[in-house]
Amino acid sequence: MTEYFISQGMDESWAIFVASVVGILAIALPLMLAVAMVIYVDRKVWAAINLRRGPNVVGPFGLLQSFADGLKVFLQETIIPSASNKGIFLLAPIITFTVALLAWAVIPFDAGVVLADINVGLLYILAISSLSVYGVTMAGWASNSKYPFFSAMRAAAQMISYEVSIGFILVCVVLYAGTFNLSAIVEMQRGHGLGFVNGYWFNLLLFPMWVVFFISSLAETQRVPFDLTEAESELVAGYQTEYSSMAFALFWLGEYANILLMCALNTLLFFGGWLPPVEIEFLYWVPGIVWFLLKTFFFFFMFSWVMATVPRYRYDQLMRLGWKVFLPMSLIFVFLISGWLMLTRYDDPDYDCVPVAVEGTTGTDDAVLCGPERIVP
Amino acid sequence: MTVFAFYLFAALMLASGAFTIFARNPVHSVLWLILAFFNAAGLMILVGAEFLAMLLVVVYVGAVAVLFLFVVMMLNIDFAEMRAGFMKNAPLGVAIAVVLLAELVLGIGAYRAGALELGVPDGSAAPLLGESNIESLGALLYGNYLFLFETSGIILLVAMIGAIVLTHREQRNTRGHQDIGKQNARRPEDATRNVSPEIGKGVEL
């Protein structure tokens, strides 16, 4: 995109700036639309599972329900409790919303269609997702009210606990792919299963890790059965209790943007991203972004499915699952996967070799350093 | 562009560092500290250390600062008492400040006198050509410095286990321990009994 703006006669730094702004808008605006539609889909799925009709009044099939809700919320009065800490009270929803959008910068929608194709993409996602706890914690504290504060404490403990196991699961994927770049991780999944299935889910060592990752992503986004931060029978509405109007809407949008992000991560890390499910020539006629979105929305359907069918966990059970089940399990799998890779991949004598540029030659294939030698200059 | 970004990050970092100290409310202090961490990460990205920048955000912002915030939010701070404590602790504080100032002056003086001779770099720590940050760091940590790296890991592990052992209290036999396996294995048949009592007669439990 930068080249296009340069060809339109722009200065290079200006072209980079304009291209970034256009790229950000091209991701954020469809994302907001997707969030609005996804809330509608969510309610329709719960309704179908509960044998109800769901929203069906606003627009055809109730399709415009989310926009009507948005308008309603927009026209409400913003109430700031007089005992609250005003600055932080208003900052909290903004942080939640911004952080939910930030992580999308490194998500590849198709081969090469990514805003920032950075080497540390997965670490960036981990870093950004660890920030989303601040919005909730600040909101709970600044409300100066008991229930939001309890909710904030629960949220902080829950998100830190599950981030640990998510970190180890990501290590497993990174070990297999050999890179932190999300596009490269997707490319490494091409033909991974039996030479024609795209994706890591087929791998017997990684499939259990996907199951753990899926459950952890439910906990990380505070969805049922782990929605203890907004358990209405215990905490009114959790950290959002004192919020109204747009501040409340920002929490809402951020929450769903985070859920979509987790669905996209499930797709990218274990189900081959934009690649079709199996390596067959005619499946490539469908554009990659369609595969990516199909898989992402399938995972969103699974999120709603879980929400409609699984009862809420008790808080001590939640902590037990995170620390006593998922953490040891993912640690053992890091060990198993490293062992398996040592056994299979590192037997290959050419695996760990890097080409070294020798003066007077073109560089590649001329001189090669292997194994531990390659780090000695 | 880069220069603009550098001054932006540097200025924000200095400002938020100052606010960390001057903020009245300790929660505000922690939030300013987080902003300072962020801008430090931005500066690291500018010098091309993107891996370290991400680690800073993951470890300090994502874990350490959350725990800070957690603790500080729970504190119930009485400002009047804190001011009284300020006067009481002032002599000690001034003494520490003087020591720090002396160290700074000495350090700057020593630096002015000529840089320390630490030997000529032999290039063994230089990043490899065309490799990313992560690869060169990994090659060094798990290659040249494997022993030191593993040793520090073991020391940290021992410290962690020590902290747990020192603070752990066995509560299994005292009261109310739940056996999750037993709870999960419990079925409605074990806990309930269907009876159809005759009218006017109770049920033997």
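**Aromatic rings and a helix contact**

Modeller: Happy to! A:Phe207, A:Trp210, A:Phe214, A:Phe271, A:Phe298, A:Phe299 and A:Phe303 form one aromatic cluster. Please keep in mind that this is a predicted model.

Over all chains, the structure holds 24 aromatic pairs. In one of them, the ring centres of A:Phe213 and A:Phe270 are 5.8 Å apart and the planes sit at 45 degrees, so the pair is tilted. A:Phe213 belongs to helix α9 (residues 207–220) of chain A and A:Phe270 to helix α11 (residues 245–270) of chain A, so this pair ties together parts that are 57 residues apart in sequence. A:Phe213 is buried, at a relative accessible area of 1%, and A:Phe270 is buried too, at 0%.

B:Phe37 is buried, with 18% relative accessible area, whereas B:Tyr60 is partly exposed at 39%.

That same helix α3 (residues 50–74) of chain B also packs against helix α5 (residues 121–129) of chain A, at an angle of about 25 degrees and with the axes 8 Å apart. Angles under 35 degrees count as roughly parallel, and α5(A) and α3(B) are therefore roughly parallel to each other. Their crossing is left-handed. On the α5(A) side, A:Leu123, A:Tyr124, A:Leu126 and A:Ala127 meet B:Phe51, B:Met54, B:Val57 and B:Val58 of α3(B). The residues of this contact comprise eight nonpolar, no polar and no charged.

Technical notes. Residues are numbered from 1 along each chain as its sequence is written. Chains are lettered from A and ligands numbered from 1 in the order in which they are written. This is a predicted model: local features need pLDDT of at least 70, side-chain atom pairs count only at pLDDT 80 or more; totals for chains, interfaces and linings use all residues. Side-chain values use heavy atoms; hydrogens and water are left out. Axes are lines fitted to C-alpha atoms, for helices over the stretch in contact, and angles run from 0 to 180 degrees between N-to-C directions. Helices (H or I, at least four residues) and strands (E, at least two) are DSSP runs, numbered from the N terminus. Angles under 35 degrees count as roughly parallel, over 145 as roughly antiparallel, 65 to 115 as roughly perpendicular and the rest as oblique. A crossing is left-handed if the near helix is turned anticlockwise from the far one by less than a right angle, and right-handed if clockwise. Contact means heavy atoms within 4.5 Å. Ala, Val, Leu, Ile, Met, Phe, Trp, Tyr, Cys and Pro count as nonpolar, Asp, Glu, Lys and Arg as charged, and the others, Gly among them, as polar. Rings of Phe, Tyr and Trp (its six-membered ring) pair if their centres lie within 6.5 Å; planes under 30 degrees apart count as stacked, over 60 as edge-to-face and the rest as tilted. Buried means under 20% relative accessible area, exposed over 50%, partly exposed in between (1.4 Å probe, protein chains only).
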